[in-house]
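Subject: Structure handover

Hello,

Here is the structure you were waiting for. Please open it next to this message.

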Amino acid sequence: MTKSRNVRVRRIYEDPEPADGRRVLVDRLWPRGISKERADLTAWCKDVAPSTELRKWYHHTPEKFGEFTRRYRAELEQPTQATALDELREMAKSGPLTLLTASRLVDMSEATVLADILG
């Protein structure tokens with residue numbers, strides 16, 4: 001789990017906690033084996049997720065994380081992604097926000113990049 005002020009990053013496969021506040025899935029694809037009930041989401045923010053092309057290129061390769069971060073931040077400047085990012089900013093202003101991802105490498109995921117931006 002990663003923390004940045006009131007923004008946390010967790011795996012969606014972990015059980016919800018009261019401290020999670022708003023729970024937002026930031027992956028483009030729905031995670032395998034998770035029901036909507038178990039996910040206990042406030043929102044699924046697909047528009048803030050990395051593009052399919054970037055996600056496939058990165059493939060959670062640790063050596064590519066720096067370049068992934070640079071490219072992903074550039075994608076977040078596009079209108080649709082910027083609007084979605086602004087929605088997350090608003091959620092973070094009004095209390096705890098937990099960004100959820102299915103990634104095994106949480107500290108090297110888009111959710112961690114987003115938490116850094118929002119923090």
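Below is what turned up, taken topic by topic.

First, a caution: this is a predicted model.

**The largest pocket**

The largest pocket has a volume of about 660 Å³. Its lining is made of 22 residues. Closest to the pocket centre are Leu-29, Arg-55, His-60, Ala-102 and Ser-103. Which helix gives the most to this lining? Helix α2, residues 52–58, does, with three residues. Sorted by class, the lining has ten nonpolar residues, eight charged and four polar.

**Salt bridges**

Side chains of opposite charge can pair when their charged atoms come close. How many salt bridges does the structure hold? The count is eleven.

Start with Arg-8 and Asp-20. They form a salt bridge, with the closest N and O atoms 3.1 Å apart. Arg-8 sits in strand β2 (residues 7–11), while Asp-20 is in the loop between β2 and β3 (22–25), so the bridge ties together parts that are twelve residues apart in sequence. Are these two residues buried or exposed? Both Arg-8 and Asp-20 are buried.

Next, helix α3. Here Arg-71 forms a salt bridge with Glu-67, and their closest N and O atoms are 2.9 Å apart. The two residues are four apart in helix α3, so about one helical turn separates them. An α-helix has 3.6 residues a turn, so residues three or four places apart point the same way. Arg-71 has 33% relative accessibility and therefore counts as partly exposed. Glu-67 is also partly exposed, because its relative accessible area is 27%, and buried means under 20%.

Helix α4 (residues 79–93) holds another pair, Arg-89 and Asp-86, three residues apart, about one turn of the helix. They form a salt bridge, with the closest N and O atoms 2.9 Å apart. Arg-89 is partly exposed, at a relative accessible area of 35%. Asp-86 is partly exposed too, at 42%.

There is also a network. Salt bridges that share partners join Arg-8, Arg-10, Glu-14, Glu-17, Asp-20 and Arg-23.

**Glu-75, buried without a salt bridge**

Look at Glu-75 in helix α3 (residues 65–75). Glu-75 is buried, yet has no salt bridge. Which side chain of opposite charge is nearest to Glu-75? It is Arg-28, at 5.8 Å. Leaving aside neighbours within four places in sequence, Glu-75 is in contact with Pro-50, Ser-51, Leu-54 and Gln-81.

**Helix α5 and Glu-110**

Helix α5 (residues 110–118) is mostly covered, with seven of its nine residues buried. The buried ones are Glu-110, Ala-111, Thr-112, Val-113, Leu-114, Ala-115 and Leu-118.

Glu-110 belongs to helix α5. Why does Glu-110 count as buried? Its relative accessible area is 6%, and the cut-off for buried is under 20%. What does Glu-110 touch? Beyond neighbours within four places in sequence, Glu-110 is in contact with Val-26, Asp-27, Pro-50, Phe-68, Tyr-72 and Thr-101. Pro-50 is also in contact with Glu-75. The C-alpha atoms of Glu-110 and Thr-69 are separated by 7.8 Å, although the two residues are 41 apart along the chain.

Best wishes

Definitions and conventions:
Residues numbered from 1 in each chain as written. Predicted model: local features only at pLDDT ≥ 70, side-chain atom pairs only at ≥ 80, totals over all residues. Heavy atoms only, no water. 1 Å grid on protein atoms, 1.4 Å probe; cavity = no way out; pocket = protein on both sides within 12 Å on 5 of 7 lines; lining within 4 Å. Points joined across faces, edges and corners; volume = space filled by probe spheres on them. Nonpolar A, V, L, I, M, F, W, Y, C, P; charged D, E, K, R; others polar. Buried < 20%, exposed > 50% of the residue type's maximum accessible area, 1.4 Å probe, protein only. Lys, Arg positive; Asp, Glu negative; His and termini not counted. Salt bridge = Lys/Arg side-chain N within 4 Å of Asp/Glu carboxyl O. Contact = heavy atoms within 4.5 Å.
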